[in-house]
Amino acid sequence: MLEAKAQVGQCSVCFHLSADPVCDICRATNRDLQTLCVVADSRDVIAIEKTREYRGRYHVLGGLISPMDGIGPEQLNIGPLVHRVSKEGTQEVIMAISPSIEGDTTTLYVGQLLKPFTRVTRIAFGLPMGGDLEYADEVTLARALEGRRDLE
Ligand SMILES: [Zn+2]
């Protein structure tokens with residue numbers, strides 16, 4: 001798994017794993033271009049795609065803000081996200097990050113940066129704290145997406 005991951009590159013737009021410079025999702029012409037779903041990891045993109053409920057595009061942060069581990073906002077793909085949202089005229093950004101101390105810190109931090117440009121929502125998790133998005137079943141994830149609320 002690790003070896004396969006090292007060989008595959010990243011999409012230059014959304015940072016999802018991709019063999020091509022721009023991934024299939026970003027290239028698709030039949031997707032909603034005004035909605036962006038922000039996730040921590042490429043595995044979360046795959047999990048949400050499985051629900052077939054979401055038709056927008058994604059932005060992969062590449063991790064979560066975690067001062068204890070020395071991971072600050074500058075280590076993540078947050079700058080490119082703000083640039084994208086301000087440039088693309090995104091109508092809604094959905095923060096789809098599992099609830100945890102790091103997850104909530106990241107959601108609030110990114111949300112504050114994006115609010116001047118767009119509506120920011122977060123998915124409604126029926127998951128326990130620390131429950132991983134990638135392990136949620138499709139029905140739970142689809143419900144979480146549907147029940148999203150505006151970020152305070
Ligand atoms: Zn992409």
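Predicted model: local features only at pLDDT ≥ 70, side-chain atom pairs only at ≥ 80, totals over all residues.
Q: A residue is buried if 20 or more other C-beta atoms lie within 10 Å of its own, exposed if 12 or fewer, and partly exposed in between, with C-beta atoms placed from the backbone. Is V82 buried, partly exposed or exposed, and what makes it so?
A: V82 has 14 other C-beta atoms within 10 Å. Residues are numbered from 1 along each chain as its sequence is written.

Q: Where is V82, and which residues does V82 touch?
A: V82 belongs to helix α4, residues 78-88. Helices (H or I, at least four residues) and strands (E, at least two) are DSSP runs, numbered from the N terminus. Leaving out residues up to four places away in sequence, V82 touches L113 and L114. Contact here means that the C-beta atoms, placed from the backbone, lie within 7 Å. D24 is 58 residues from V82 along the chain, and their C-alpha atoms are 22 Å apart.

Q: How do you know that the buried residues of α4 are on the same side?
A: The buried residues are I78, L81 and V85. They lie on the same side of α4 because they cover an arc of only 55° around the axis, the arc being that of the directions from the helix axis to the C-beta atoms. G79, H83 and K87 are exposed, on the face turned away from the buried side. The buried residues pack against β3 (35-39), β4 (57-60), β5 and α5. Just after α4, G89 takes a positive phi of about 65°.

Q: What describes the packing of α4 and α5?
A: Two packed helices are described by the angle between their axes and the distance between the axes. For α4 and α5 the angle is about 35° and the axes are 10 Å apart. Axes are lines fitted to C-alpha atoms, for helices over the stretch in contact, and angles run from 0 to 180 degrees between N-to-C directions. The contact involves I78, L81, V82 and V85 of α4, with V110, L113 and L114 of α5.

Q: Why are β4 and β7 called edge strands?
A: The open sheet has five strands in the order β4-β3-β5-β6-β7, with mixed pairing. β4 and β7 each have a single partner strand, so one side of each is left without a neighbour in the sheet.

Q: What makes β5 and β6 a pair, and in which sense do they pair?
A: Two strands pair if DSSP finds at least two bridges between them. β5 (residues 92-95) and β6 (residues 119-122) have four bridges, so they pair, in the parallel sense. Here E92 is opposite R119. β3 and β5 are also parallel, over four bridges, and C37 stands opposite I94 in β5. β6 and β7 (residues 149-150) are antiparallel, over two bridges, with R122 and R149 as bridge partners.

Q: Which elements make a β-α-β unit, and why is its hand called right-handed or left-handed?
A: The unit consists of β5, helix α5 (residues 101-114) and β6, and it is right-handed. A crossover has this name if, with the strands pointing away from the viewer, the path from the first strand over the helix to the second runs clockwise. α5 lies across β3, β5 and β6, at about 175° to β5.

Note on methods:
Contact = placed C-beta atoms within 7 Å.
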